[in-house]
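This briefing walks through a single protein chain, topic by topic, with its sequence and coordinates alongside. Please keep both in view while reading the points that follow.

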Amino acid sequence: MGSRPAPKTKRKTKAHLPTLPSPPQVRDVMTRMDKVFALDAATRLNFDNMLAVYRSGYTRIPVYDTHPQNIIGILYTKDLILIDPDDEVEVRAIVALQGDAPVQFILDVTPLNEVFKLFKTCGTHLMVACRLRPGAGGAGGETPRGGAL
């Protein structure tokens, strides 16, 4: 009687292991900055600009200084109810009235379950997503780049 060779077993390598789906992240649901309705802080709230805000349909509008990636505040449209368009008040003045209500920034790789917890604890309804890009500075040699959530 001859001996039979032992059956060959395949060793599982990383290529053969099943991959688990990663949890959804902010970048999967955010609105890109080029699609966001935002206002420059220097914008004067005249009739045409207030009409544009109204027609946008949004209740929270990011406000930027000079460049859309430089978000400095959030304009709440309910704050416009007492603004007279003839006064042409700057958006910057309305945002300044909010006091110490900083814009909430979050990394675009943050899992959504963590973001939902943050929305509950921070009491905010809008956050600005940022992505890290390789560059000079930052803890990991990366610098933040603005985005939108």
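A residue is called buried when its relative accessible area is under 20%, and because C130 has a relative accessibility of 11%, C130 counts as buried.

**Confidence of the model**

- The mean pLDDT of the protein is 83, and 77% of the residues score at least 70.
- Among the elements of the protein, strand β2 (residues 44–45) has the highest mean pLDDT, at 98, whereas strand β8 (residues 142–146) has the lowest, at 42.
- Where pLDDT is low, the predicted coordinates should not be read in detail.

**Overall fold**

- The protein contains three helices and eight strands, which follow one another along the sequence in the pattern β-β-α-β-β-β-α-β-α-β-β.
- Of the 149 residues in the protein, 26% are buried.

**The three-stranded sheet**

- Three strands make up an open sheet with mixed pairing, and their order is β1-β3-β4.
- The edges of this sheet are β1 (39–40) and β4 (71–76), and each of these has a single partner strand, so one side of each is left without a neighbour in the sheet.
- Strands β1 and β3 run parallel and are joined by two bridges, whereas β3 and β4 run antiparallel and are joined by five bridges.
- Y64 in β3 stands opposite D40, and the bridge partner of Y64 in β4 is I71.
- Strands of a sheet pair through backbone hydrogen bonds, either parallel or antiparallel.

**Positive phi angles in two loops**

- The hairpin formed by β3 and β4 has six residues between its strands, and T66, which lies in this loop, has a positive phi of about 75° although it is not a glycine.
- T66 counts as exposed, because its relative accessibility is 66% and the limit for that class is over 50%.
- E88, which is placed in the loop between β4 and β5 (89–90), is likewise a residue other than glycine with a positive phi, in this case near 45°.
- E88 is partly exposed, with a relative accessible area of 35%.

**Nonpolar cores**

- The largest nonpolar core has 13 residues, and those that touch the most other members are L39, L45, V63, L75, L80 and V91.
- At least two residues of this core come from each of α1 (47–56), β3 (60–64) and α2 (91–96), and α2 gives the most, with three residues.
- With neighbours within four places in sequence left aside, V91 is in contact with L39, D40, A41, T43, L45 and V63.
- Another core, of eight residues, lies apart from the largest one, and its members include M33, I74, L126 and V128.
- In soluble globular proteins, nonpolar side chains tend to be buried together.

**T124 and its surroundings**

- T124 is found in the loop between α3 (112–122) and β7 (128–134), and with a relative accessibility of 14% T124 counts as buried.
- The side chain of T124 reaches the backbone oxygen of L126 at 3.1 Å, and L126 is itself among the residues of the eight-residue core.
- When residues up to four places away in sequence are not counted, T124 touches Q104 and F119.

**Cysteines**

- With a disulfide taken as a pair of cysteine sulfur atoms within 2.5 Å, the count comes to zero disulfides.
- C122 is partly exposed, with a relative accessible area of 37%, whereas C130, at 11% relative accessibility, counts as buried.

Terms used. Residues are numbered from 1 along each chain as its sequence is written. This is a predicted model: local features need pLDDT of at least 70, side-chain atom pairs count only at pLDDT 80 or more; totals for chains, interfaces and linings use all residues. Side-chain values use heavy atoms; hydrogens and water are left out. Helices (H or I, at least four residues) and strands (E, at least two) are DSSP runs, numbered from the N terminus. Buried means under 20% relative accessible area, exposed over 50%, partly exposed in between (1.4 Å probe, protein chains only). A polar contact is a pair of N or O atoms within 3.5 Å; within protein, one must be able to donate a hydrogen and the other to accept it, and residues adjacent in sequence count only if both atoms are side-chain atoms. Contact means heavy atoms within 4.5 Å. A nonpolar core is a set of buried Ala, Val, Leu, Ile, Met, Phe, Trp, Tyr and Cys residues joined through side-chain atoms within 4.5 Å. pLDDT is the predictor's confidence in each residue, from 0 to 100. Two strands pair if DSSP finds at least two bridges between them.
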